[in-house]
Amino acid sequence: MNCRTVRTLLSAYIDGELTAAQAASVEAHLDQCSECQTALAELKSQDLVLRAVLAKPIAVSPLLTQRVISEVQRRQAEKAQARFGFFRLPFAKPALLAAAVLALIVISVFAFSPKSARVVAVQGKPLCSTASHTGWNHLRSGMRVSDGTRVKTAIGEMATIRWPDGSEVVIGAQTDATALPESKPSGVVLNRGLIYARIRPQQLGFYVRGPQATATVLGTEFWLEARGNATSLFVIRGKVRFANAAGQVVVTRWKKSTAVAGRAPSPLQPTSPLDANSFWWLRHSQPRR
Amino acid sequence: MRVDEQALLNQVKRGNVQAFSALVNMYRERVLRLAFHLVGSYEDAEDVAQETFVRAYFSMNKYDPTRPFAPWIYRIATNLCMDNLRRRKARPQQVELPPHMELFNSEEEKESPEELILRDETHSQVLDAIQELPENYRAVLVLRYFEDLPYSEIAQILGTSEANVQMRLSRARQRLRERLKNIARECSP
């Protein structure tokens, strides 16, 4: 085996992917060739570098799973809607046809109206009340969300509300929040707990008002947590203005700020979904077994 | 394949969304990391990862439960990454660091060679070098290192032969040699 052939096989050799015969030939050549030994040593050093970079675990947005499930449920709803297509209906039964067309109109107007915010995913049995019905009912996927709809979740429960433009607000576990999707700008009032928001650029000015400070979107993805006497903002991408009566900060991606009553929000600190607060989120957002 | 994963997959095949949610939790880091290293943008990688799982859910009837699940989902992710790269060709972007890098602080402890190279600047150089590889070389390299996949699985994921994987990987490493020479020398034990 000559040097040229050996060089093309060294890569597979360090991966242990050569046949026993090929490996033996490569080793026999290496025993006699110092240049190929150097090439092998360089390849092994490079291997170490690449392994350290490419095998290093990466931070995952803790709500990726929730977003996947929301999207699955949205597409299932679309498919279900498509199955009610006019041409598939039984023309031999005019009464059924009329009822089906009426139902389709009702569904189009009320359930799939692009102008309303809707509940698109529910985990557990969160409760809700609306401005017109103050009693508590179970929140259901597909429900329309109007200004003043209040949602309460317990441990292990979550709800995702999608705004007409595709912006999404996830109400986390053990949270009490009121949605204001029809107001300008639209927003959510967080009384307690955790809100995750992924906001489209057209919803500029969207806000989540916590007890100690308000987070206002400058086009972004973030979550806001109100626990104990503090409200904390974690920004995943984009920029969010975090303000209260005492002052304001603009929080940028992978930074956090905390506000307590009577004091301006704290200076920016680095964060990631891997820090302790996010583990808190994950722990409380797992489905009940 | 682990028994609990097999049980989950059977439930997902029957349309159980809760089981699917658990399956996503098992694979989300790996799929996101694969996508990140293939497309070079954390935000695009998140979108690719989300679409990978959604497509997997709606294609479960095509998944053969007698075969391992990982290569199947990696294949969906890799194909979506290639689509993403084709769409983005007109708008090249700088590689961004994944968020764990911004928090990485290795000064408190004695650095191992692996930790040394994970310093932001160096890490960024390695990522840039990987991103500059042609797509077909980069795909093989990333699949090899991100989970130590054997050539047979890489070939299966990319729909090519093992010989082709061996050739592409060898050439990818040769191309990286000059770019990474200095970094590799610093990190040699």
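**A hairpin and its surroundings**

Modeller: In chain A, strand 6 and strand 7 form a hairpin with five residues between them. A:Gly166 lies in the turn and has a positive phi of about 100 degrees. Please keep in mind that this is a predicted model.

Biologist: How many bridges join strand 6 of chain A to strand 7 of chain A, and in which sense do the strands run?

Modeller: Four bridges join strand 6 of chain A to strand 7 of chain A, which covers residues 168-171, and the strands run antiparallel. In this pairing, A:Ala159 has A:Ile171 of strand 7 as its bridge partner.

Biologist: What about strand 1 of chain A and strand 6 of chain A, in which sense do they pair?

Modeller: Strand 1 of chain A, residues 117-123, pairs with strand 6 of chain A in the antiparallel sense, over five bridges. Opposite A:Val119 stands A:Ile161 of strand 6 of chain A.

Biologist: How many of the residues of strand 6 of chain A are buried?

Modeller: Five of the five residues, 158-162, are buried, so strand 6 of chain A is largely enclosed by the rest of the structure.

Biologist: And which way do the residues of strand 6 of chain A point?

Modeller: A:Met158, A:Thr160 and A:Arg162 point one way, while A:Ala159 and A:Ile161 point the other way. In a regular strand, side chains alternate between the two faces of the sheet.

Biologist: Let me step back. How many helices and strands does chain A have?

Modeller: Chain A has six helices and 15 strands. Of its 289 residues, 39% are buried. Among contacts in chain A between residues at least 6 apart in sequence, 43% join residues at least 24 apart.

Biologist: Now the helices. At what angle do helix 1 and helix 2 of chain A cross?

Modeller: The axes of helix 1 (residues 3-14) and helix 2 (residues 20-32) of chain A cross at roughly 120 degrees and come within 10 Å. That angle makes helix 1 of chain A oblique to helix 2 of chain A. Helix 1 of chain A passes helix 2 of chain A in a left-handed crossing.

Biologist: Which residues make the contact?

Modeller: Helix 1 of chain A contributes A:Val6, A:Leu9 and A:Tyr13, and helix 2 of chain A contributes A:Gln22, A:Ala23, A:Val26 and A:His29. By class, this contact has five nonpolar, two polar and no charged residues.

Biologist: Over to chain B. At what angle do helix 8 and helix 9 of chain B cross?

Modeller: The axes of helix 8 (residues 135-147) and helix 9 (residues 151-158) of chain B come within 10 Å and cross at roughly 135 degrees. The two helices of chain B are therefore oblique to each other, and their crossing is right-handed. B:Ala139, B:Val140, B:Leu143 and B:Arg144 of helix 8 meet B:Ile154, B:Ile157 and B:Leu158 of helix 9. This contact has six nonpolar, no polar and one charged residues.

Biologist: What is found in the loop between helix 8 and helix 9 of chain B?

Modeller: B:Asp148 has its place in that loop. Its phi is near 55 degrees, a positive value in a residue other than glycine. Most residues other than glycine have a negative phi. B:Asp148 is exposed, with 12 other C-beta atoms within 10 Å.

Biologist: And what is the phi of A:Gln174?

Modeller: Phi of A:Gln174 is near 50 degrees, a positive value in a residue other than glycine. A:Gln174 is in the loop between strand 7 and strand 8 of chain A. With 16 C-beta neighbours inside 10 Å, A:Gln174 counts as partly exposed.

Terms used. Residues are numbered from 1 along each chain as its sequence is written. Chains are lettered from A and ligands numbered from 1 in the order in which they are written. This is a predicted model: local features need pLDDT of at least 70, side-chain atom pairs count only at pLDDT 80 or more; totals for chains, interfaces and linings use all residues. A residue is buried if 20 or more other C-beta atoms lie within 10 Å of its own, exposed if 12 or fewer, and partly exposed in between; C-beta atoms are placed from the backbone. Two residues are in contact if their C-beta atoms, placed from the backbone, lie within 7 Å. Axes are lines fitted to C-alpha atoms, for helices over the stretch in contact, and angles run from 0 to 180 degrees between N-to-C directions. Angles under 35 degrees count as roughly parallel, over 145 as roughly antiparallel, 65 to 115 as roughly perpendicular and the rest as oblique. A crossing is left-handed if the near helix is turned anticlockwise from the far one by less than a right angle, and right-handed if clockwise. Ala, Val, Leu, Ile, Met, Phe, Trp, Tyr, Cys and Pro count as nonpolar, Asp, Glu, Lys and Arg as charged, and the others, Gly among them, as polar. Two strands pair if DSSP finds at least two bridges between them.
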